[in-house]
Amino acid sequence: LGKVIAADDAPRDENLRWLLMSTRSFGQGVFTGVSYVQRVNTTGGMPPAKCEARQANQLLRVDFTADFIFYRPL
């Protein structure tokens with residue numbers, strides 16, 4: 001589970017915002033103990049300025065890439 005605790009605009013308007021999220025993990029695995037996740041270096045992901053009539057009430061998928069940094073105490 002993640003909760004946004006800070007956000008900043010990406011350098012370009014067409015890219016998703018950069019986020020810092022606090023997290024809680026359940027179970028065991030590679031992400032056990034991760035307490036924060038940061039999303040940076042985003043490219044794309046923002047919806048178009050206008051939708052066409054045929055797109056009304058449709059799920060919109062917008063491609064994006066990002067770097068995710070995972071933090072946990074040592």
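**View 1. The side chains of T42 and W18 make a polar contact of 3.3 Å.** A polar contact is a pair of N or O atoms within 3.5 Å; within protein, one atom must be able to donate a hydrogen and the other to accept it, and residues adjacent in sequence count only if both atoms are side-chain atoms. The model is predicted: local features need pLDDT of at least 70 and side-chain atom pairs count only at pLDDT 80 or more, while totals for chains, interfaces and linings use all residues. Residues are numbered from 1 along each chain as its sequence is written, and side-chain values use heavy atoms, with hydrogens and water left out.

**View 2. T42 belongs to strand β3.** Strands (E, at least two residues) are DSSP runs, numbered from the N terminus. T42 is buried, with a relative accessible area of 5%; buried means under 20% relative accessible area, exposed over 50%, and partly exposed in between (1.4 Å probe, protein chains only). Leaving aside neighbours within four places in sequence, T42 has contacts that include A10, N15, L16, R17, T65 and A66, as well as W18. Contact here means heavy atoms within 4.5 Å.

**View 3. Four strands form an open antiparallel sheet in the order β1-β2-β3-β4.** Strands β1 (2-8) and β4 (64-71) stand at the edges; each has a single partner strand, so one side of each is left without a neighbour in the sheet. From one strand to the next, the twist averages 25 degrees; axes are lines fitted to C-alpha atoms, and angles run from 0 to 180 degrees between N-to-C directions. Two strands pair if DSSP finds at least two bridges between them.

**View 4. Strand β3 pairs with β2 and with β4.** Strands β2 (residues 18-23) and β3 (residues 36-44) run antiparallel and are joined by four bridges. Along this pairing, L20 stands opposite Q38, and S22 stands opposite Y36. Strands β3 and β4 are also antiparallel, with seven bridges; R39 has F68 in β4 as its bridge partner.

**View 5. One aromatic pair is found in a search of the whole structure.** The ring centres of F31 and F70 lie 5.0 Å apart and the planes meet at 45 degrees, so the pair is tilted. Rings of Phe, Tyr and Trp (its six-membered ring) pair if their centres lie within 6.5 Å; planes under 30 degrees apart count as stacked, over 60 as edge-to-face and the rest as tilted. The pair links distant parts of the chain, with F31 in the loop between β2 and β3 and F70 in strand β4, 39 residues apart. F31 is partly exposed, with a relative accessible area of 48%, and F70 is partly exposed at 43%.
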